[in-house]
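Please look over the sequence and the model before reading on.

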Amino acid sequence: MQPLLATLILVLLALLGARVSFSTDHIKAGPALLFRTGIHFLLIGALLGPAGLGLVSTSATQQFFPLMALGLGWVGFHFGLQLDVATLKQFPLSYHVLGVGQAIISFGLFALIGWLFMRGFGLEGEVAAILVIGAAATGCISTPAGIAVVSSNFLVRGRVRDLLFFVSSLDAGVGVIALQFLYSYHRPEGVAPALASLPFWVPMGVALGLGVVCAIVFLWLMRGRPAGEELVLFLLGICAFASGAALQWGLSPLFVAVTMGALVSNLSPDRRRVLALLEKWEKPVYLTFLLVAGALLQVPTAWVAALAIGYAVLRGIVKTAASAALASAIPFGFDVPRRLGLGLIPQGGISLAMAVSGVLMYSGLEIQGVDAGSALFTAVVMGVVISELVGPPLTVSLLRRAGEISPEVERALADGDDRRARREALRHYSGPDRPDSAT
C-alpha cells in the first residue's frame, strides 16, 4: 500500500474512533474496559502492519515517523501543562513525597530485580542495561484513567481516591526523566554523533534547553491571543517540531515536550485555554498515534509473552511494595491503606509513548539475535493490556476496603437504579459515616 494512502486510512480510523473511545461512563472492569483506553486501536494498527496483514508495509511505517513525533510531543506537552505550581501547592507535602517517592523506589527495585534476572540468564552488557532501564522507566509510572473509571462507575469520593488521583497524575515525571537519563548514557551509533562523545550531562542540558526554547517560541506566538484555529496550528507545529528535533538529536521527545508544557503552564496567562484545546484534540491525535505505533508492533521472539507477564507481575509487586513502605512512614492526617499500590496498577498512554520512543531510538540493537527495541516495545504493550485488565478490579477492592465504595450504591447500581445510586452516594459522602479515613 502506498504510504500516503496508508496514512489517510489510519487518520480516518482515528477520527472515527475518537467519537466512541475514552468515555468512562458506566464501563465495567474487564475486557470491555480496553475499548475505553484506546489499546484496541494499537492492536488494529498491528493487524494492518507488517506483522499482521501487511497492508501497511515496513517502508510505509518509516513514513509515519512525523506522525509519531507529533503524538509523542502532544502526550508530553499535555502532561507538562498539568504541572502548574500554583495547583500543585494546594496539595500537602506528604502527597508529593508519596507520588515521587514511590515512583523512584519502584524504578530502583524494578531495575535491580530486572538486572539480576538478566544476569541469571547470562544476558549482560549495554543492550541488556538498555532493556532493563527502559522497562523500569515505563513500569514505575501510573495513570489516573483507571481510577477515573472506577470513580465514575461507583460514584466514589474520598481521601484515598483523591490521593490515588494525585499520585497517578504526578509519578509519570519520574519515568520521563529516567528515560532521558538512559538516552544520555546509552546513545546508538549514528544518532547525533556530535553529542556521542560528550559527558551524559551535555545531552541532558541540550534536552532541557530545547524544551525551554520551544516554550519561549510558543509563548511568543501566543502573545496576541490567536484565534482557536491558529492556536491549534501552533500547538500541532510546536509539538511536532519539539519532538522531531529531539528524535533527530537522540533526545527524549517526551522529556523535551514535558519541559515545554511545564514552562507554558506556569508562564502563560492562557494556560486553561491551551489545556482545553489539547483535550479537545487529544482523541484524534492520540488514536492516530496508537494506530501508527501498532504498525510498529512485532513479535521478535516467542518469549515475548512470558516477558510481558513477568513485566506486569514485577511491576505490580514493586509498586505495591514501594507504596506500602511510604504509606507507613509518612504522616497524612488520615489512615492510608498499606495496599495503596493496588490502585496504581493501570499504566495508560504515557507508558506506551515511552515504549514507542524507545523503539524509535534503539531499533536495530540486538541481544542474542533478537531485536531488543522491538522485544521491549511488544512486552510493554502486552504488559499495559494486562494492567488495564487487572488494575480496575484491584482499585475497586482497595476503595471498598477503605469504605469509599458504599454497599448501598453498589446494590442500587446492580439493580439498574442510577437515581437511587446517586442519592445513596450523596448520603454516604455527606453523612456522619463519610469516608474521611481508610480503615
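The points below cover confidence, salt bridges, a pocket and cavities. The structure is a predicted model. Its protein chain has a mean pLDDT of 82, a search of the whole structure finds five salt bridges, and the structure holds two cavities of 30 Å³ or more.

**Confidence**

- In the protein chain, 83% of the residues reach a pLDDT of 70 or more.
- Confidence is highest in helix H14 (residues 253–267), with a mean of 94.
- Helix H1 (residues 3–17) has the lowest confidence, at a mean of 56.
- Where pLDDT is low, the predicted coordinates should not be read in detail.

**Salt bridges**

- Among the five salt bridges is one between Asp-171 and Lys-319, whose closest N and O atoms are 3.1 Å apart.
- Asp-171 sits in the loop between helix H9 (159–170) and helix H10 (172–185), while Lys-319 belongs to helix H16 (residues 304–329), so this pair ties together parts that are 148 residues apart in sequence.
- Both Asp-171 and Lys-319 are buried.
- Another salt bridge joins Glu-424 to Arg-427, with 2.6 Å between the closest N and O atoms.
- Helix H20 (residues 418–430) contains both Glu-424 and Arg-427, which are three residues apart, or about one turn of the helix.
- Glu-424 counts as buried because its relative accessibility is 13%, under the 20% cut-off.
- Arg-427 counts as exposed because its relative accessibility is 54%, over the 50% cut-off.
- Asp-162 and Arg-161 also form a salt bridge, the closest N and O atoms being 2.7 Å apart.
- In that pair, Asp-162 is partly exposed at 33% relative accessibility, whereas Arg-161 is buried at 17%.

**The second largest pocket**

- The volume of the second largest pocket is about 810 Å³.
- It is lined by 25 residues, and those closest to the pocket centre are Phe-117, Met-118, Leu-123, Leu-131 and Leu-307.
- At least two lining residues come from each of helix H6 (93–120), helix H7 (126–139), H16 and helix H18 (372–401).
- The lining of this pocket has 21 nonpolar residues, four polar residues and no charged residues.

**The largest cavity**

- The largest cavity holds about 60 Å³ of space.
- Residues lining the largest cavity include Ile-130, Gly-134, Thr-138, Leu-179, Leu-182 and Tyr-183.
- Met-354, Ala-355, Gly-358, Tyr-362 and Leu-376 are also part of the lining of the largest cavity.
- H7, H10 and helix H17 (349–362) each give at least two residues to this lining, and H17 gives the most, with four.
- By class, eight residues of the lining of the largest cavity are nonpolar, three are polar and none is charged.

**The second largest cavity**

- The second largest cavity has a volume of about 40 Å³.
- Its lining consists of Ile-130, Leu-131, Ala-355, Gly-358, Val-359, Tyr-362, Gly-373, Leu-376 and Phe-377.
- H7, H17 and H18 are the elements that supply two or more residues to the lining of the second largest cavity.
- H17 provides the largest share of this lining, four residues.
- The lining of the second largest cavity has seven nonpolar residues, two polar residues and no charged residues.

Methods:
Residues are numbered from 1 along each chain as its sequence is written. This is a predicted model: local features need pLDDT of at least 70, side-chain atom pairs count only at pLDDT 80 or more; totals for chains, interfaces and linings use all residues. Side-chain values use heavy atoms; hydrogens and water are left out. A salt bridge is a side-chain nitrogen of Lys or Arg within 4 Å of a carboxyl oxygen of Asp or Glu. Buried means under 20% relative accessible area, exposed over 50%, partly exposed in between (1.4 Å probe, protein chains only). On a 1 Å grid over the protein atoms alone, a cavity is a set of points where a 1.4 Å probe fits but cannot get out, and a pocket is an open set with protein on both sides within 12 Å along at least five of seven lines; lining residues have an atom within 4 Å of a point. Grid points are joined across faces, edges and corners, and a volume is the space filled by probe spheres set on the points. Ala, Val, Leu, Ile, Met, Phe, Trp, Tyr, Cys and Pro count as nonpolar, Asp, Glu, Lys and Arg as charged, and the others, Gly among them, as polar. pLDDT is the predictor's confidence in each residue, from 0 to 100.
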